[in-house]
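Hi everyone, thanks for coming. I'd like to walk you through one protein today, so please have a look at the screen.

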Amino acid sequence: MAIKVDELRDLLAGDGPDGEVAVPGGVLGHDGGAFHPLFEDGVLRVRREDGAEDGDSLSVTGSARTALADDPVPLHVAFSHNGGPEVTEVRLAAELPTPGASAQELGRRLDFNVPALPDAVQVSRLTLEQANGTRILTGTGERGRMALVSRQDTGRLLVAYGEEGGWRVLCADRALTQEQVALLGAAAAGVTVPRLDGGLPEGAWLCLPGPEGVDKPLLVPVLPKRQAARSGAASTVGTEEKAPGTYSVPRNGVRRAPHAIATDTGFFVLAPGGLRASWGRFAVTGPSTYVPGRSWNDFGLSAGASVSIEYRNSPLTILGGLAALPAVDPYEVVAGGVLVVDTGTFTGSAVAAAYLPTAGGKPSFFAFGALGSEKGIGLPAFQVRGIAGGMGWRSKIRLGGTEDLADFPFLKALDDPASIGVDPDGNTDPLHVLQTLTSGTKPWVTPAAVGEDPLWLAAGLAFTVAEFFNGSAMAVLQTGEDLTLALLGVAGMEFPKKGGGRKYAKLEIAVELVLKPKAGELSWSAAVTPNSYVLDPGCQLRGGVAAKIWFGPSPHRGDFVITVGGYHPNYRQPGNYPSVPRLGFDWDLSGTVTISGSAYLALTPAAVMGGGELAVRFHSGAVRAWLTAGVDALIQWKPFFFDVGIRVSVGVSASVKIWFVRVTITVEVGVSLQVWGPPTGGEAKIKLWFISFTVGFGHSRDGNDNALDWAGFRDMLPPPESVVRVLPGHGLLSDRPPRADGTRGDDDAWQVSSAGFTFSTDSAVPVSELYVNTGTGSPVETGSTLNIRPMRRTGLTSVQRVSLTKDGEGVDISNWGRSRSTAAVPQALWGEGKGDTLPAAGEQVVPDQLTGAQITSPGPEYGNDTGYITEEAFKFDPIDPDGIQPLDTAADPAGPVPRRQPGVIDAIARTVAAPTQTAARTELAAALTGLGFDLGQLDADLSAHADAAEAAFAAEPMLVPAS
């Protein structure tokens, strides 16, 4: 029974806690759920604003905490009674914070199962009206709106709209007749429901316009979720069920119905190629399509449009599609396609996307393809199972790390080419696949930024070795500012290989090798994937290995690290060092006993560290027991210092109930030993149940600064002949190895070019002052003062002198070209601090230390004249004194005038090796030889001259008439 008007006035005029007004949900009677969409218990609670309406106005304005937002939202409620004693109508308006609430959430609060709708249907402005047994919930947002109309005697209807693409969805929780649809649609102002002669079946339906000239719409079922399908290239992209009250189409003996899948901004409507689906007396033909958006003439599709491909004729299956993706500035249009082909023996796939920019921009493009077979090709010792390749222009590819290789789509495509054409649910959805590759928080492929023109190339191979070891590897080259060369791979094996029996071991490793020349980084890493085990699937393997070197332009040049399983627990890892998990295993034997072990080893410029741990745990009911043992060692270079810790712990714990109190009793025996030095010292900790004490021995950690003298430190340097090196550079012509003592004699000297020569000096000890020539003078280059950390000395000076002698006399090189040579040096040797402590994190090297110079000789000096030329210089070109030599520039030409005549080249080609000319030349040679002339060796065959005649002349030769 509805509430009386006077009772409502008392409720609205009441002053609850903090000015709160409370109105029960049964204000209109009926089911008592007038306010359920916003309030969990159905009771309207509004904190009235100061100066807002009182109970006499039958309305209230204020704020309320709702089930749709974390913070209070502004809200206004008005009641009507149409002059009667009971309340007959209520209207509520609320404003939710952005992005608002989804249609699914609002429907759920009204016990209405709303299917998957686009993310665009997020409504923030809500209106709830109830009168005469009809409840209307409407909501609008930035990109969509919805209305849910409910009548007790008719049914319920939901209508949702999308501002982008203009799509419309109708949804009913039971079948509605034509009259019921019209009645519910008319109840909601501002909502347009089309005329449906056949009514509306139960479910959700995308409403598409009918054929041209027909005002009746076409309904396509909306799938509540992506349908599972068998994996691989033959994944089913349609649905085999006939939608109630709509249409289905026989195809190859199978009845198929088109369907719609919700995306972020609209719907992907799948209608397989060649489909002609009928609904009533209307039909739809052709490819799948989005509801049209803005024009896109480049590809003949509207923005957001999609064209699908499906062909099945055993054994050939072709699946895929072309789709338009959301574009982000500076790109105006993005298009991509996926194609999967399965012949039964081979499976192939390809994916590509093009990014078309706004005016004045540059386009971006990438493509990738793979071809594979379950049966390898080749010898049993090495069989190829798949090949793949791709490229990107003005595009970038994300490599990730070893932990991402298992999900790297291009590497996965080597083992399963169909994987880049099938989404995670097993469906072939081109739009979803392309969005996975190109969007999200960590996309695999992205277009280049403005001003960049990178290019990437990828080529891979999947293989099997001896039918036992499976692997896939891919090489990637990426140009641009971040030039990268990478080799990626995943390899694994299992034992036994065949048979359906128990597997005793499976090992799978991801490997990555990356070189970045411009950044000065070379890194290698490998990690055991979660698919690895030994003896039993419950004995899982884990761990990783990594090595990294910095050189050249890197700010960390000179630094390096090699680690297997990580670092010492007390080591402060620099941020540029790779992080890898402990190398070890975890074995759950029976659910009550677990065994785990781990180990690590690391090498840095400052120290080497290693250790491991073994733990056995038992847990059954109220009883627990454990045994742990571990060791950690940290060893620093000279001055030699070590820190080793060993620990063992054995314990048992039981929980017993005494009367009404549960008591846990724990007994543990533990011993740990820490040893350091030199000087050697340490401490032992003993723990027995509730007693714990520590015993120290030897020297304390701070008992000695452990500083070296010069003789001790000198042993840490390279051999004397290698402390300072002189290295040849540009202009070197020949180089012989030096003598055993590092010196060179006259016969071992470098042979260099007279056009210029460069050499450089390099010192293992950082240089404070660098001089040239043997005199004193001033340094030509200066560096930092010298620190020797193992000796605890700072502010020292080291000098390097460079001089050049010729025939025992010094050569002045002060005017030669010169540039500084710098490098990063180990902090453990040339930094500050105590010798028994490690450098701080990020301070493994001392950067930009002067180590020498690059020196270049001046260029050659060229004269202004040729100097005296002797008669001997002209003997190669004699001048006949009796000939006509018009040395006078004013003299007229003498002799016949040469002219070009056509056909000369052709005549040479025809006659130079012709029999007549060959015989004549032979007779002439014999006659000259008989007269005593030595003609030497003559060419007997001139056919090559005939073949080359046309190429030997640039034009017809100039000839003079024969006299």
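This is a predicted model: local features need pLDDT of at least 70, side-chain atom pairs count only at pLDDT 80 or more; totals for chains, interfaces and linings use all residues.

**Strand partners, a sheet and a helix**

Residues are numbered from 1 along each chain as its sequence is written, and side-chain values use heavy atoms, with hydrogens and water left out.

Back to our pair. β41 is joined to strand β42 (residues 641-658) by 14 bridges, and the two run antiparallel. Strands count as paired here if DSSP finds at least two bridges between them. On β41 (residues 623-636) there is also an antiparallel pairing with β40 (residues 607-620), again over 14 bridges. There, V616 stands opposite L627 in β41. What do β40 and β41 form? They form a hairpin with two residues between them, and G621 in the turn has a positive phi of about 65°. As a reminder, strands of a sheet pair through backbone hydrogen bonds, either parallel or antiparallel.

Now for the whole protein. Its secondary structure comes to twelve helices and 60 strands; these are DSSP runs numbered from the N terminus, helices being H or I of at least four residues and strands E of at least two. Of the 963 residues, 40% count as buried, meaning under 20% relative accessible area, while exposed means over 50% and partly exposed lies in between (1.4 Å probe, protein chains only).

Next, an open sheet: four antiparallel strands in the order β46-β49-β58-β57. β46 (724-728) and β57 (817-826) stand at the edges with a single partner strand each, so one side of each is left without a neighbour in the sheet. Inside the sheet, three bridges join β49 (residues 758-763) to β58 (residues 845-856), and F759 has I855 in β58 as its bridge partner.

Last stop, helix α1. Which residues of α1 (residues 5-13) are buried? They are V5, L8 and L12. The face turned away carries the exposed residues D6, D10 and A13. The buried residues of α1 pack against β1 (20-23), β2 (44-48), β3 (59-64) and β4 (73-80), where contact means heavy atoms within 4.5 Å.
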